[in-house]
Amino acid sequence: MNAYRPRLIAEVVRLHSDYYAKHWNFGLPFEAKVALELADFLLGFREGRDFMRNAWQDDARLKGTVSLQAPGDGDDLAHLRWFIVDEAFAGEGLGSQLLGAAISHAGACGFAGIYLTTF
């Protein structure tokens, strides 16, 4: 899987933990959920079906990320996951680029659509 690199899980969890703690007072249960579900996604990553795109600043800090979990058997919709941009990089168009890449992947794979779950 070409999206993975060391510290990826930690950086994605950092982005989500920082944002949701600051804006929604989320803590350990949320951080653990992100880490566990992301690890499971990466360990079961289906090359050519699942999708993950990451943007790094100087190969050290994750600026933003987006993932699509491809439909499983009997489903036709991909699940948009872990879409977030570090607030320090907001307004640069990075979110649009990441989301556009995910949508393009879904189209190229012939997925019927994409859905997002949130709290």
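**View 1. Aromatic pairs in the predicted model.** A search of the whole structure, a predicted model, turns up six aromatic pairs. One of them joins Y20 and F26 in a stacked arrangement. Their ring centres lie 5.7 Å apart, with 15° between the planes. Y20 has 17% relative accessibility and counts as buried, because the cut-off for buried is under 20%. F26 has a relative accessible area of 26% and is partly exposed. Ring pairs also draw a cluster together: Y19, Y20, F26 and F30 are its members.

**View 2. A tilted pair between helix and strand.** F41 and W82 form a tilted aromatic pair. The centre-to-centre distance is 5.2 Å and the planes make an angle of 50°. F41 belongs to helix α2, W82 to strand β3. The two residues are 41 residues apart, and the pair links distant parts of the chain. Both F41 and W82 are buried.

**View 3. The largest nonpolar core.** This core has 17 residues. L8, V12, L38, F41, L42, M52 and W82 touch the most other members. Four elements each supply at least two residues of the core: α1 (8–24), α2 (28–43), β1 (51–57) and β3 (77–85). L38 touches I9, V12, M52 and W82, leaving aside residues up to four places away in sequence. A second core of 13 residues is separate; A55, L80, A101 and A102 are among its members.

View 4. The 16 residues of α2 should span 22 Å at 1.5 Å a residue. The end C-alpha atoms are 22 Å apart, so the model agrees with that expectation. F30, V34, L38, F41 and L42 are buried in α2. Seen down the helix axis, the buried residues fall within an arc of 90°, so they line one face of α2. An α-helix has 3.6 residues a turn, so residues three or four places apart point the same way. The face of α2 turned away from the buried side carries L28, P29, L36, D40 and L43, which are exposed.

**View 5. What packs against α2.** The buried residues of α2 pack against α1, β1, β2 (61–69) and β3. Among these buried residues is L38, whose contacts include M52 and W82. F41 is buried in α2 too, and its ring pairs with that of W82.

**View 6. A charge over a ring.** The charged end of R5 sits over the ring of W56. It lies 3.9 Å from the ring centre.

Key. Residues are numbered from 1 along each chain as its sequence is written. This is a predicted model: local features need pLDDT of at least 70, side-chain atom pairs count only at pLDDT 80 or more; totals for chains, interfaces and linings use all residues. Side-chain values use heavy atoms; hydrogens and water are left out. A nonpolar core is a set of buried Ala, Val, Leu, Ile, Met, Phe, Trp, Tyr and Cys residues joined through side-chain atoms within 4.5 Å. Buried means under 20% relative accessible area, exposed over 50%, partly exposed in between (1.4 Å probe, protein chains only). Contact means heavy atoms within 4.5 Å. The expected span of a helix is 1.5 Å times one less than its number of residues. The arc is that of the directions from the helix axis to the C-beta atoms. Rings of Phe, Tyr and Trp (its six-membered ring) pair if their centres lie within 6.5 Å; planes under 30 degrees apart count as stacked, over 60 as edge-to-face and the rest as tilted. A charge sits over a ring if NZ of Lys or CZ of Arg is within 6 Å of the ring centre and within 35 degrees of the ring normal.
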